[in-house]
Amino acid sequence: MQTIINKLYCDVAVIGGGTAGCSAAISASRNGMKTILLEKGTSLGGLATNGFVPQVAGMIEGNSKEFVTRLEKQGYLRRRSPTDDHNPTFDPVYAKFALEQMVMEHGCRIIYDTTFIDIDMEGNR
């Protein structure tokens with residue numbers, strides 16, 4: 001088996017493209033950091049999309065609110081009632097694309113189907 005090693009340079013490396021990893025990558029990119037998101041699979045969202053657990057739980061604010069608003073505008077968000085913000089559900093397949101769009105819109109690079117091994121840091125960075 002051949003080992004391939006790539007050296008990538010960035011300010012922030014986010015390991016894992018689940019919903020939390022996507023949010024971290026979006027926030028870092030928005031704040032001007034050169035960001036790379038490394039994902040083991042071939043799509044974003046983790047259990048929410050690939051595991052078909054399509055619910056938004058807890059407080060809906062920040063990046064989560066942007067995600068929910070985007071899904072709702074496209075018709076891929078379902079609420080129990082128009083005024084109920086508690087645990088809306090969404091189409092997990094479309095959500096993969098919505099997350100990818102959100103991450104890339106802010107200049108983050110996504111690398112799919114990869115395994116993270118090690119990191120070399122400059123000083124404390």
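1. Fold order. Read from the N terminus, the elements of the chain follow the order β-α-β-α-β-β-α-β. That amounts to three helices and five strands. The model is a predicted one, and the points below should be read with that in mind.

2. Confidence. The mean pLDDT over the chain is 89, and 98% of the residues reach at least 70. Strand 2 (residues 35–38) has the highest confidence, at 97, while strand 3 (residues 77–78) has the lowest, with a mean of 91.

3. Overall dimensions and contacts. Along the principal axes, the C-alpha atoms of the chain fill a box of roughly 50 × 35 × 20 Å. The chain has 125 residues, and 33% of them are buried. Of the contacts between residues at least 6 apart in sequence, 62% join residues at least 24 apart.

4. Largest pocket. The volume of the largest pocket is about 1100 Å³. Its lining comprises 25 residues, and those nearest the centre are N6, K7, L8, D118 and I119. The elements that contribute two or more residues to this lining are strand 1 (12–15), strand 2 and strand 5 (109–111). By residue class, the lining of the largest pocket contains 14 nonpolar, four polar and seven charged residues.

5. L8. One of the residues nearest the centre of the largest pocket is L8. L8 sits in the segment before strand 1. Beyond its neighbours within four places in sequence, L8 is in contact with I36, L38, R109 and I111. A separate distance puts L8 in relation to the rest of the chain: the C-alpha atoms of L8 and Q74 are 35 Å apart, with the two residues 66 residues apart along the chain.

6. Second largest pocket. The second largest pocket has a volume of about 270 Å³. It is lined by 16 residues, and T19, A20, V56, S64 and F67 are the closest to its centre. Which elements supply at least two residues of this lining? They are helix 1 (19–30), helix 2 (63–74) and helix 3 (92–105). Helix 1 gives the largest share, five residues. The lining of the second largest pocket divides into 11 nonpolar and five polar residues, with no charged residue. For the lining of the largest pocket, the corresponding charged count is seven.

7. R70. This arginine belongs to helix 2. R70 counts as buried because its relative accessibility is 18%, and the cut-off for buried is under 20%. Which residues does R70 contact, once its neighbours within four places in sequence are left aside? The partners are A98, Q101, M102 and E105.

8. A28. Helix 1 also holds A28. With a relative accessibility of 12%, A28 counts as buried. Residues up to four places away in sequence aside, A28 touches V12, M33 and T35. The C-alpha atoms of A28 and G45 are separated by 17 Å, and these residues are 17 residues apart along the chain.

9. Cysteines. How many disulfides does a search of the whole structure find? The search finds zero. C22 is in no disulfide, and its nearest cysteine sulfur, that of C108, is 8.5 Å away. C108 is likewise in no disulfide, the nearest cysteine sulfur being that of C22 at 8.5 Å. On accessibility, C22 is buried, with a relative accessible area of 1%. C108 also counts as buried, at 6% relative accessibility.

How values were computed:
Residues numbered from 1 in each chain as written. Predicted model: local features only at pLDDT ≥ 70, side-chain atom pairs only at ≥ 80, totals over all residues. Heavy atoms only, no water. pLDDT = per-residue confidence, 0-100. Helix = DSSP H or I, 4+ residues; strand = E, 2+ residues; numbered from the N terminus. 1 Å grid on protein atoms, 1.4 Å probe; cavity = no way out; pocket = protein on both sides within 12 Å on 5 of 7 lines; lining within 4 Å. Points joined across faces, edges and corners; volume = space filled by probe spheres on them. Nonpolar A, V, L, I, M, F, W, Y, C, P; charged D, E, K, R; others polar. Buried < 20%, exposed > 50% of the residue type's maximum accessible area, 1.4 Å probe, protein only. Contact = heavy atoms within 4.5 Å. Disulfide = S-S within 2.5 Å.
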